[in-house]
Amino acid sequence: MSTITFSTAAAVLPARPATRLKLTARGRRVVLAIAAVPLAVGIGFAALSGGSAMASGEQVATASFATVTVMPGDTLWSIAESIAPAADPREVIGDITRLNVLRGGELQIGQELAIPAQYSE
């Protein structure tokens, strides 16, 4: 007759050795690219914002302009004709508007307008 024996001892598996993470060359490039993104964003932001800070302490030359005070009844056209009678008033108005960053050509009494250098002679 045959005998079947049951054992209550549990089978012990051998301990599995700890595996280390191994990156392929492609994986290293991906990790490096992901780490470099914040640096690239910072450089791009600095380039777009102008980076105009002066660390050398040099003095910056400031330009001085002749100015005209707006009186009651003055318009850009009348000011342009008075400061440059030989020039086309439309060009003079354009130069004054750009220099003073005027929006819509609105003037206020007492306002100081800088005159471009070519017309202040």
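Which residues of α2 are buried? The views below start there. This is a predicted model, with local features needing pLDDT of at least 70 and side-chain atom pairs counting only at pLDDT 80 or more, while totals for chains, interfaces and linings use all residues. Numbering runs from 1 along each chain as its sequence is written, and side-chain values use heavy atoms, with hydrogens and water left out.

**View 1. The buried side of α2.** L76, I79, A80 and I83 are the buried residues of α2 (buried: under 20% relative accessible area, 1.4 Å probe, protein chains only; helices: DSSP runs of H or I, at least four residues; strands: E, at least two). They sit on the same side of α2 because they cover an arc of only 100 degrees around the axis, taken from the directions from the helix axis to the C-beta atoms. Their packing partners are β1 (66–69), α3 and β2.

**View 2. The largest nonpolar core.** This core has 13 residues, and L76, I83, V92, I96, L113 and Y119 have the most contacts inside it (core: buried Ala, Val, Leu, Ile, Met, Phe, Trp, Tyr and Cys joined through side-chain atoms within 4.5 Å). At least two residues each come from α2 (76–83), α3 (89–100) and β2 (112–115). The most come from α2, which gives 4.

**View 3. Around L76.** Leaving out residues up to four places away in sequence, L76 touches I93, I96, T97, L102, G105, L107 and L113 (contact: heavy atoms within 4.5 Å).

**View 4. V101 and its phi.** V101 lies in the loop between α3 and β2. Though not a glycine, V101 has a positive phi of about 50 degrees. Most residues other than glycine have a negative phi. V101 counts as exposed, at 58% relative accessibility (exposed: over 50%).
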